[in-house]
Amino acid sequence: MSLVIREHARARLITDGPDPRRIPVELRCDPGDPRTVQIGLPGGVDWAFGRDLLEKGLRSPVTRGDIRVWPCGRAQLILELHSADGVAVFQFDRAPLIRFLRRVHDRFGSSAGTGGRVRTRTDAVSETPAGAPAPAASTTRT
């Protein structure tokens, strides 16, 4: 049995076209680094960043390095990835993301950086305003 937590989800790739394209994505968290989330995109492209960025983005806009995350209404989350090749914007339903984060916490406990639970938008937490300087994210593209 693999200790890597995986959650399959679908995201909408937001483009200039009339309809967003739905694509499969895989969320992963490895026990060797439970504070990092990897998002596997079609074509073998992976992005890795601090799980806290995803958790905070469920509640309020947050930017770190080449990644921006923000809630979109009550049921969705936007993930914006910047690279030398351009910008990709994805819209996720919140439910699979929250389910994934809870599984990470249940498996790895507080060592995964949640402080004991997965927070949602209704929790009172102060955040750095969007656009304010923040530490650079660690990204991995393959």
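Select the lining of the largest pocket: its residues divide into 10 nonpolar, three polar and three charged. Here Ala, Val, Leu, Ile, Met, Phe, Trp, Tyr, Cys and Pro count as nonpolar, Asp, Glu, Lys and Arg as charged, and the others, Gly among them, as polar. This is a predicted model, in which local features need pLDDT of at least 70 and side-chain atom pairs pLDDT 80 or more, while totals for chains, interfaces and linings use all residues. Residues are numbered from 1 along each chain, and side-chain values use heavy atoms, without hydrogens and water.

The pocket holds about 300 Å³ of space. On a 1 Å grid over the protein atoms alone, a pocket is an open set of points with protein on both sides within 12 Å along at least five of seven lines, and lining residues have an atom within 4 Å of a point. The volume is the space filled by probe spheres set on the points, which are joined across faces, edges and corners. Now select L41, W47, V87, A88 and F90, the closest to the pocket's centre among its 16 lining residues. Strand β8 gives the most to this lining, four residues. Strands (E, at least two residues) and helices (H or I, at least four) are DSSP runs, numbered from the N terminus.

Next, select P42, in the loop between β3 (36–41) and β4 (45–50). Leaving aside neighbours within four places in sequence, P42 is in contact (heavy atoms within 4.5 Å) with I23 and P24. The C-alpha atoms of P42 and I23 are separated by 7.4 Å.

Finish just after α2, at G109, which takes a positive phi of about 65°.

Technical notes. On a 1 Å grid over the protein atoms alone, a cavity is a set of points where a 1.4 Å probe fits but cannot get out, and a pocket is an open set with protein on both sides within 12 Å along at least five of seven lines; lining residues have an atom within 4 Å of a point.
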